[in-house]
Amino acid sequence: SWIKVLFDDRHIRDTLNETHPPFYDGTDEYDLLIVRALCPDCYAHAPSTRPVAFIITPHALISIRPPNDSTFFKLHKRFLSSSRKIPDSIPMLLYMLIDGILDGLLSQRERVSDVLNDWQERLLDRNDAFSDWQSMMHLRGQLRRLEVVTESQMEALLEWREQTLITMDSAMLVRFNDLQEHLKRIYNHATVIQHDIDSLVQVYFSANTQRTNEILQFLAVISAIFLPLNLAAGFFGMNFIHLPMLQSWYGPWIVGTIMLTQIAGLYWWFRRRGWV
């Protein structure tokens with residue numbers, strides 16, 4: 001039998017809006033639920049989302065989505081090729097679709113962690129001239145957007161559960177509670193990775209400061225060692241006739257011995273103080 005449903009023009013525009021955030025709105029005839037799914041073509045360091053709209057009635061579930069969405073394709077293929085039972089209710093089908101969308105978002109966690117670990121090793125490698133700052137900051141911005149999207153998604157899904165006219169049993173309510181837990185894990189992961197990026201930047205600058213301090217310390221030690229040598233060289237290089245040991249054959253040897261003694265003494269003192 002055919003069921004006639006009149007869609008609000010505003011809702012139709014919402015379903016075609018590529019930038020629409022997670023959203024819920026209900027009418028007497030249908031519910032409109034918009035969630036955001038992971039973009040399949042995005043890079044690990046730039047995770048982005050795109051909207052998927054569901055028009056939900058007690059007898060039908062309509063999805064408005066990009067044509068290459070893998071979640072719907074896999075689920076459709078599974079229904080056709082598997083002997084497993086096909087969902088017998090609209091809430092169950094909606095749960096399976098949203099669960100597949102969230103699984104895609106959850107799968108991104110490992111990829112993002114791998115990218116972050118690679119950046120960490122490169123940042124702490126003195127022989128690697130790290131230059132991916134733009135990608136790192138872009139990832140942080142995308143994770144911030146994902147954090148906001150996930151929070152809005154939790155609110156939209158909770159609002160739909162509380163206001164929908166579609167009847168659901170206790171088992172189905174438990175399943176939708178699981179979806180909320182999935183969203184919380186995605187939210188927490190996005191928050192943690194943002195903090196990890198901030199910490200990684202701080203560690204990088206701390207390591208650079210430590211390297212700079214080591215270089216300055218080495219230059220300071222060299223300057224301290226050669227300062228008295230320059231003083232002695234300047235003293236004996238003055239244009240005077242009568243200077244101690246200036247005309248004697250053993251003068252250069254004595255001055256050289258004094259200079260070497262100064263170098264050895266200063267080096268021993270710096271080693272004892274832990275400066276070199």
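Biologist: Which residues line the second largest pocket?
Modeller: The lining of the second largest pocket is made of Arg65, Pro67, Asp69, Phe72, Phe73, Leu75, His76, Phe79, Leu93 and Leu97. Keep in mind that this is a predicted model.
Biologist: How much space lies in the second largest pocket?
Modeller: About 150 Å³.
Biologist: OK, what about the largest pocket, what volume does that have?
Modeller: The largest pocket has a volume of about 580 Å³. It is lined by 30 residues, and the closest to its centre are Thr71, Met96, Asp99, Gly100 and Asp103.
Biologist: Which elements each supply at least two residues of the lining there?
Modeller: For the largest pocket, those are strand 2 (31-38), helix 2 and helix 3. Helix 3 provides the largest share of that lining, eleven residues.
Biologist: How many charged residues are in the lining of the largest pocket?
Modeller: Eleven are charged, alongside 13 nonpolar and six polar residues.
Biologist: Let's switch to packing. At what angle do helix 2 and helix 3 pack?
Modeller: Helix 2 (residues 70-81) and helix 3 (residues 90-123) pack at about 130 degrees, and their axes are 9 Å apart. Helix 2 and helix 3 are therefore oblique to each other. The crossing of helix 2 past helix 3 is right-handed.
Biologist: Which residues make the contact?
Modeller: On helix 2, the contact uses Thr71, Phe72, Leu75, Arg78 and Phe79. On helix 3, the partners are Leu93, Met96, Leu97, Gly100 and Ile101. By class, this contact has seven nonpolar residues, two polar and one charged.
Biologist: Next one, helix 3 with helix 4. At roughly what angle do the axes cross?
Modeller: The axes of helix 3 and helix 4 cross at roughly 155 degrees and come within 12 Å. That angle makes helix 3 roughly antiparallel to helix 4. The crossing of this pair is left-handed.
Biologist: Which residues of helix 3 and helix 4 make that contact?
Modeller: Helix 3 brings Leu94, Ile98, Leu102, Leu105, Val112, Trp119 and Leu123. Helix 4 brings Trp133, Ser135, Met136, Leu139, Leu146, Gln153, Leu157 and Trp160. The contact of helix 3 with helix 4 divides into 13 nonpolar, two polar and no charged residues.
Biologist: And helix 3 with helix 5, are they roughly parallel or roughly antiparallel?
Modeller: The axes of helix 3 and helix 5 cross at roughly 10 degrees and come within 10 Å. Helix 3 and helix 5 are therefore roughly parallel to each other. Helix 3 passes helix 5 in a crossing that is left-handed. As for residue class, the contact of helix 3 with helix 5 has 21 nonpolar, four polar and six charged residues.
Biologist: Last topic, cavities. How many of 30 Å³ or more turn up in a search of the whole structure?
Modeller: The search finds one cavity of 30 Å³ or more. About 50 Å³ of space lies in the largest cavity.
Biologist: What lines the largest cavity?
Modeller: Leu105, Gln108, Arg109, Val112, Leu143, Leu146, Ile186 and His189 do. Helix 3, helix 4 (133-163) and helix 5 (170-236) each give at least two residues of that lining. Helix 3 has the largest share, four residues. Leu105, Val112 and Leu146 were also named in the contact of helix 3 with helix 4.
Biologist: And by class, how do the residues lining the largest cavity divide?
Modeller: Into five nonpolar, two polar and one charged.

Terms used. Residues numbered from 1 in each chain as written. Predicted model: local features only at pLDDT ≥ 70, side-chain atom pairs only at ≥ 80, totals over all residues. Heavy atoms only, no water. Axes fitted to C-alpha atoms, helices over the stretch in contact; angles between N-to-C directions. Parallel < 35°, antiparallel > 145°, perpendicular 65-115°, else oblique. Left-handed = near helix turned anticlockwise from the far one by under 90°. Contact = heavy atoms within 4.5 Å. Nonpolar A, V, L, I, M, F, W, Y, C, P; charged D, E, K, R; others polar. 1 Å grid on protein atoms, 1.4 Å probe; cavity = no way out; pocket = protein on both sides within 12 Å on 5 of 7 lines; lining within 4 Å. Points joined across faces, edges and corners; volume = space filled by probe spheres on them.
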